[in-house]
Amino acid sequence: MIKAVRGTRDLLPPETALWNFVESAVRDVFRAYNFQEIRTPIFEETALFSRSVGEETDIVGKEMYTWQDRGRAESDRGQSLTLRPENTAGVVRAYIEHKLWDRGLNKLYYIGPQFRRERPQKGRYRQFYQIGAEVLGPPSAGSESPARDAELLEMLATLLDRLGITGWNLELNSVGCPNDRAKFNEALRKALEPVVGKMCADCQRRALSNPLRVFDCKVPEDQPIIENLPRISRFLDEPCRAHFEAVQAILRTVGVPFTLNDRLVRGLDYYTRTAFEFTHGALGAQNAILGGGRYDGLSEALGGPAAPGIGFAIGEDRLVLSLQESASAEAVVRRPDVYVAPLGARMNPDAARLARELRRHDLVVELGDETFRLKKSFEAATKAGAKYILIVGENEVKADAFALKNLETGEQISIVRSELAGKIQAGR
RNA sequence: GUGGGAAUAGCUCAACUGGCAGAGCACCGGACUGUGGCUCCGACGGUUGCGGGUUCGAUUCCCGUUUCCCACCCCA
């Protein structure tokens with residue numbers, strides 16, 4: 001038997017209703033902030049990701065689905081292509097390619113699948129779904145303003161509240177500009193040198209490859225050492241510090257709670273200044289449901305104009321998971337309003353016409369099987385969760401008055417065709 | 001990529017030291033031929049993930065493999 005490949009899965013009803021619930025809430029909320037949707041290809045030139053995400057990151061180094069495309073002629077070597085491991089690079093590429101700044105498009109969101117060749121776990125798949133948004137534009141358009149950061153964070157808080165997710169925590173940090181990072185990295189290396197020998201094996205490796213990641217260490221014995229390491233906050237230059245302060249001031253005023261976490265670092269190379277994560281306790285080790293930050297130099301790194309920006313990505317798989325575990329997932333499934341039960345094949349035309357009329361009144365209609373005996377139709381209607389059953393038999397068609405029974409109350413009436421839709425809508 | 005656990009009916013799970021593969025729920029039918037939910041009865045349902053080995057005999061023990069889960073790595 002052929003099965004879905006490792007790390008991929010089918011999303012089945014009724015779970016798909018929950019995904020739709022999430023996505024329509026996202027579209028509603030983002031629209032209120034005047035974001036517009038962008039859809040970029042799910043594969044791109046490999047160079048796009050290695051330049052933006054960073055050659056040294058795990059994503060580029062070992063987690064990408066990359067292949068050599070065929071050229072035009074049999075003998076040609078094609079380009080190296082890669083399934084997108086994240087969507088910010090694609091959005092920025094499109095921004096540059098279509099000169100979106102000239103069209104005033106500076107607030108974009110996306111919803112779609114991404115691909116990373118990781119070891120699968122719960123809430124972590126090789127084809128996974130991200131919801132993200134990006135604010136970017138020329139500096140003259142205010143894209144560097146802390147107001148953009150704060151607005152984006154406030155939008156996310158609104159979204160999580162709207163989804164009924166309680167107990168989220170916003171963790172906030174600033175990773176400064178490249179200059180600050182360089183100075184900080186140097187200080188960090190110096191501080192680590194005398195103590196690294198006492199740390200865990202992972203930290204010893206990190207200290208060499210990517211010292212920032214030492215802050216992710218969860219080994220208890222290492223914590224006192226980590227506590228004493230220099231923090232990025234002390235290395236922010238004046239503009240970065242002021243920017244960070246301003247973001248916080250706005251959040252306090254609009255009433256979005258947050259906690260400062262100067263150990264929060266971002267894995268991708270393109271991040272600058274504001275870095276953030278929303279975490280949720282119920283998710284265990286995979287406790288981050290979304291993360292993001294500012295990437296002021298990304299456009300230029302990809303050969304575009306200066307276009308400071310900030311964005312985030314929500315792990316939709318995990319978001320849905322936390323929704324399933326906390327909220328009432330059942331509630332979002334729309335069940336049939338009415339089950340139309342034709343009694344015998346000769347009733348099919350009349351049943352079909354009635355179903356069509358009812359559906360035109362925005363009712364959810366399940367058209368039953370004409371081979372069912374009435375008892376079985378009732379069972380089928382109940383199982384489908386229909387509110388009403390409408391019986392279409394010879395007597396009803398002759399009289400043009402139909403038996404309509406409320407399956408929840410047991411009340412049954414005879415009702416003429418013209419009043420059917422109104423009656424069912426009223427009882428919905 | 002590393003380490004550990006698991007895999008038995010559609011779902012949730014049993015099956016002693018190796019001895020006839022089972023239950024509940026679901027599904028289908030009947031009791032009840034134009035009135036559901038409850039109840040009762042019956043039927044259906046299996047390459048025990050896959051491949052090999054040991055054995056008279058393997059769901060059980062061994063090896064390999066695949067997938068999932070957990071912890072790493074890393075990240076959303």
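Predicted model: local features only at pLDDT ≥ 70, side-chain atom pairs only at ≥ 80, totals over all residues.
Residues are numbered from 1 along each chain as its sequence is written, and side-chain values use heavy atoms, without hydrogens or water. Local features need pLDDT of at least 70, side-chain atom pairs count only at pLDDT 80 or more, and totals for chains, interfaces and linings use all residues.

View 1. A pocket is an open set of points on a 1 Å grid over the protein atoms alone, where a 1.4 Å probe fits, with protein on both sides within 12 Å along at least five of seven lines. Lining residues have an atom within 4 Å of a point. Among the lining residues are Phe-43, Arg-51, Leu-81, Arg-93 and Leu-302. Strand 2 (43–45), helix 2 (46–52) and helix 4 (88–97) each supply at least two lining residues. Helices (H or I, at least four residues) and strands (E, at least two) are DSSP runs, numbered from the N terminus. By class, the lining has 6 nonpolar, no polar and 5 charged residues. Here Asp, Glu, Lys and Arg count as charged.

View 2. Two strands pair if DSSP finds at least two bridges between them. Strand 2 and strand 4 (residues 77–83) share 3 bridges. Phe-43 stands opposite Leu-83 in strand 4.

**View 3. The largest nonpolar core.** This core has 63 residues. Phe-30, Phe-276, Phe-278 and Phe-312 have the most contacts inside it. Helix 5 (residues 146–162) gives the most to this core, with 8 residues. A nonpolar core is a set of buried Ala, Val, Leu, Ile, Met, Phe, Trp, Tyr and Cys residues joined through side-chain atoms within 4.5 Å. Buried means under 20% relative accessible area (1.4 Å probe, protein chains only).

**View 4. Strand 14 and its partners.** In strand 14 (residues 388–392), 5 of 5 residues are buried. Tyr-388, Leu-390 and Val-392 point one way, and Ile-389 and Ile-391 the other way. Strand 12 (residues 338–342) pairs with strand 14 in the parallel sense over 5 bridges. Pro-342 has Val-392 as its bridge partner. Strand 15 (residues 401–406) pairs with strand 14 in the antiparallel sense over 4 bridges. Tyr-388 stands opposite Asn-406 in strand 15.

Methods
Chains lettered and ligands numbered in written order. Buried < 20%, exposed > 50% of the residue type's maximum accessible area, 1.4 Å probe, protein only.
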